[in-house]
Amino acid sequence: MSTDMAARALDVDLLARELGNWRTSSHSGPAYLGLADAIRLLIVDGRLPVGSRLPSERALAESLRVSRTTVTAAFAQLRDDGYLHARRGARSTTALPASGHIQPTAGTPTISLATAALPAPGAAVLEAFAEAARDITPYLREPGHELIGVGPLRTAIAERYCARGLPTDPSQIMVTNGAQHAIGLILASHTRPGDRVLVEQPTYHGALSAISTAGARAVPVALTDDGWELDALQAALRQLAPSLAYLVPDSHNPTGFTMPSVDRQRLGQIISDTRTRTIVDESITDMWLDAAPPEPLAAAVTRDDLVITIGSMSKSFWGGLRVGWIRAERNTLATIAAIRPSVDLGTPILEQLAAARLLAMGTEVLPERREILRARRQFLVSLLAHDLPDWQPGPGRGGMSLWVKLPAPMSTALSAAALRLGLDVPAGPRFGVDGTLERFIRLPYALSEPELEDAVALLVRAWHSITGTLDARPQTLVV
């Protein structure tokens with residue numbers, strides 16, 4: 001079978017829906033550039049698999065209700081930039097150029113709002129690794145493949161759950177290579193292609209990618225302006241009977257909401273009544289800004305086998321550790337452990353020992369990191385109020401990012417325009433299932449204040465370019 005025949009063909013209506021609102025003001029340049037930028041974003045974000053066959057120019061033009069000339073010019077631009085491959089008589093297929101990134105205008109700085117993570121607390125991490133190097137001696141006499149995790153780290157994680165009101169034994173802990181790895185292992189062991197996985201909308205885009213990779217289907221339940229609508233969630237669980245649910249009740253990514261204790265009790269009862277196996281993502285639980293979250297959701301569920309809780313060192317301490325974990329009932333962990341050798345052979349031992357040491361330092365390290373986030377959040381909110389007063393940050397008060405409502409549904413166009421200026425900020429639809437959320441954008445506040453100031457200046461320029469409005473403020477050069 002030829003490569004072209006083997007490539008996945010993209011449905012034209014699905015592509016049109018994924019493109020979202022790519023149209024910009026006529027003042028921002030030709031329409032074909034906006035379309036090319038929107039397709040490029042889908043490729044870079046992984047929402048269009050590399051090697052997929054695009055629909056014909058005619059079919060896409062009809063679906064988007066634009067001229068075929070616009071689509072032809074957009075495809076030509078993408079081919080010139082390395083994002084499409086074309087052969088005579090065959091459909092264009094998606095690709096990545098050698099760099100794998102959209103190139104910003106020459107000479108402009110590149111600032112990333114694509115991830116929300118603080119740099120490491122350097123002194124604490126160095127101390128933890130120095131102690132881990134001494135602790136590792138007994139493990140050197142063993143093969144070093146730890147599918148479950150080393151004892152000191154599993155014990156430290158279990159003690160943290162006990163302190164938060166969820167009795168946990170180390171035998172209920174599996175160490176993973178970060179939270180994303182944990183999600184992938186759970187999906188691999190508990191879903192089959194075509195299974196439904198209930199998610200919040202919006203939600204963590206990495207979970208959506210993992211669900212898609214597993215061949216499952218994410219089904220969304222929308223969050224309200226105040227958080228979770230439990231009646232809607234209960235109705236969805238009863239009607240859809242998903243194989244899994246994926247929820248983020250603490251410092252929700254991207255909204256910053258934290259579920260109140262009374263709602264956790266009711267949600268725990270809903271999970272128990274519907275017998276829905278639920279992944280509870282606590283990766284950002286330490287990054288509360290106003291008040292510590294209530295006890296873990298798993299404590300409100302009567303059946304321990306229904307809740308699989310995941311956590312991570314990445315947001316609390318340092319993403320470079322790549323250490324996460326799963327807390328679950330023992331038989332559930334055994335099921336996951338059975339498929340793990342087909343994925344990997346365990347988490348590096350030195351990093352596990354360093355993670356155990358860092359967890360012991362949490363009471364000294366975490367308050368300072370939360371204070372940094374409080375100050376930067378307030379700084380970003382103030383910048384937006386001054387420079388983009390029509391943008392509305394959501395009321396969520398936890399986590400590491402603002403979920404901002406735009407005056408118009410132009411998130412995809414804004415993301416593309418910003419990236420041309422050197423600012424990487426994912427569009428709102430990346431955090432949803434069905435191409436909606438065009439009126440929202442996620443803005444992390446983990447960067448330093450000078451970087452946030454530069455990022456907002458670029459957002460202002462991008463917004464005015466796509467809306468055709470003029471920036472009345474004095475122009476300054478971002479360097």
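**Salt bridges and burial**

Colleague: What is the relative accessible area of arginine 160?
Modeller: Residues are numbered from 1 along each chain as its sequence is written, and side-chain values use heavy atoms, without hydrogens or water. The model is predicted: local features need pLDDT of at least 70, side-chain atom pairs count only at pLDDT 80 or more, and totals for chains, interfaces and linings use all residues. Buried means under 20% relative accessible area, exposed over 50%, partly exposed in between (1.4 Å probe, protein chains only). Arginine 160 is partly exposed, because its value is 25%.

Colleague: Which residue forms a salt bridge with arginine 160?
Modeller: A salt bridge needs a side-chain nitrogen of Lys or Arg within 4 Å of a carboxyl oxygen of Asp or Glu. Here the closest N and O atoms are 3.0 Å apart. Arginine 160 sits in helix α7 and its partner in the loop between β8 and β9, so parts 126 residues apart in sequence are tied together (helices, H or I, at least four residues, and strands, E, at least two, are DSSP runs numbered from the N terminus). The partner is aspartate 286.

Colleague: Is arginine 327 buried or exposed?
Modeller: Its side chain meets that of aspartate 304 in a salt bridge of 3.4 Å, N to O. Arginine 327 lies in strand β10, 23 residues from aspartate 304. At a relative accessible area of 1%, arginine 327 is therefore buried.

Colleague: Which helix holds both aspartate 37 and arginine 40?
Modeller: Their side chains form a salt bridge at 2.5 Å, N to O. Both residues are buried. They lie three residues apart, about one turn, in helix α3.
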